[in-house]
Amino acid sequence: MAFLIKSMVGNPLKGMGFGGGEEKAEEEAPKDPAAAAGMTREEYEEYQKQLVEEKMERDADFLHKKAERATLRVCLREKYRLPKSEQDDNMIQMAGDDVDVPEELLKMVDEDATEEEEKDSILGQMQNLQNMDMDQIKEKASATLTEIKSKAEEKCSVM
């Protein structure tokens with residue numbers, strides 16, 4: 001019952017500044033963050049060290065992943081003869097020069113390269129011809145031939 005009265009009367013009075021437990025709240029709040037976390041000072045310091053180490057490890061892994069991606073972009077730029085990026089070069093230098101491209105990404109690039117080679121080969125071109133409609137090819141060829149004949153007749157007075 002006392003709790004109910006205190007909550008009903010105490011809370012409105014807190015805003016007015018007439019009391020109601022503000023001093024108790026300040027006394028109850030520990031000044032030491034270790035005590036607030038429910039640990040001893042040594043445990044808290046060890047916990048903080050672990051947090052810092054874990055963060056440094058995550059940052060290093062993230063930097064390494066970014067460098068791997070930059071290495072892959074550099075490889076692709078060299079392959080397709082695109083201009084180099086200073087940002088990628090800087091990223092690789094920050095992570096160290098021993099950065100390799102991940103195997104999964106290399107597999108993807110190799111698969112793309114084999115597909116391109118197949119398309120560029122003579123057999124790949126012949127497969128494309130098989131997929132085309134022969135009637136359409138004949139129509140295009142005859143249209144081109146008649147167009148050439150008509151232009152030649154316009155330009156040449158002998159024909």
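Reader: Hi! Which side chain does lysine 151 meet in a salt bridge?

Author: Hello! In this predicted model, lysine 151 pairs with glutamate 147, at 3.6 Å from N to O.

Reader: Nice. How far apart are lysine 151 and glutamate 147 in helix α8?

Author: They are 4 residues apart in α8, which covers residues 134–155, so about one helical turn separates them.

Reader: And are lysine 151 and glutamate 147 buried, partly exposed or exposed?

Author: Lysine 151 is partly exposed, at 46% relative accessibility, and glutamate 147 is also partly exposed, at 44%.

Reader: How many salt bridges does the count come to?

Author: The count comes to 5 salt bridges.

Reader: What does glutamate 45 pair with?

Author: Its partner is arginine 41, and the closest N and O atoms are 3.8 Å apart. Glutamate 45 is partly exposed, with a relative accessible area of 40%, and arginine 41 counts as partly exposed at 43%.

Reader: Which residue forms a salt bridge with lysine 55?

Author: That would be aspartate 59, with 3.1 Å between the closest N and O atoms. Both residues sit in helix α4, 4 residues apart.

Reader: Which residues are linked in a network of salt bridges?

Author: Arg73, Arg77 and Asp88 are linked that way.

Reader: Changing topic: how many helices and strands does the chain have?

Author: There are 8 helices and 0 strands. Buried residues account for 11% of the chain's 159 residues.

Reader: What about the loop between α4 and α5, where is serine 85?

Author: Serine 85 lies in that loop, between α4 (41–79) and α5 (86–95). Serine 85 is buried, because its relative accessible area is 19% and the cut-off for buried is under 20%. A polar atom of its side chain lies 3.4 Å from the backbone nitrogen of glutamine 87.

Reader: And what is phi of arginine 81?

Author: Phi is near 55°, a positive value in a residue other than glycine. Most residues other than glycine have a negative phi. Arginine 81 belongs to the loop between α4 and α5 and counts as exposed, at 77% relative accessibility.

Reader: Which residues form the nonpolar surface patch?

Author: Leu76, Tyr80 and Leu82 do, with about 260 Å² of accessible area together. Tyrosine 80 lies in the loop between α4 and α5.

Reader: Last one: which residues make up the negative patch?

Author: Asp110, Glu111, Asp112, Glu115, Glu116 and Glu117 form it. Glutamate 111 lies in helix α6 and is partly exposed, at 49% relative accessibility.

Technical notes
Residues are numbered from 1 along each chain as its sequence is written. This is a predicted model: local features need pLDDT of at least 70, side-chain atom pairs count only at pLDDT 80 or more; totals for chains, interfaces and linings use all residues. Side-chain values use heavy atoms; hydrogens and water are left out. Patches are made of residues with over 30% relative accessible area and no salt bridge: like charges are joined within 9 Å, nonpolar side chains (Val, Leu, Ile, Met, Phe, Trp, Tyr) within 5 Å. Accessible areas come from the Shrake-Rupley method with a 1.4 Å probe; for residues, only the protein chains shown count as cover. A salt bridge is a side-chain nitrogen of Lys or Arg within 4 Å of a carboxyl oxygen of Asp or Glu. Lys and Arg count as positive and Asp and Glu as negative; His and the chain ends are not counted. The place of a charge is taken as NZ of Lys, CZ of Arg, CG of Asp or CD of Glu. Helices (H or I, at least four residues) and strands (E, at least two) are DSSP runs, numbered from the N terminus. Buried means under 20% relative accessible area, exposed over 50%, partly exposed in between (1.4 Å probe, protein chains only). A polar contact is a pair of N or O atoms within 3.5 Å; within protein, one must be able to donate a hydrogen and the other to accept it, and residues adjacent in sequence count only if both atoms are side-chain atoms.
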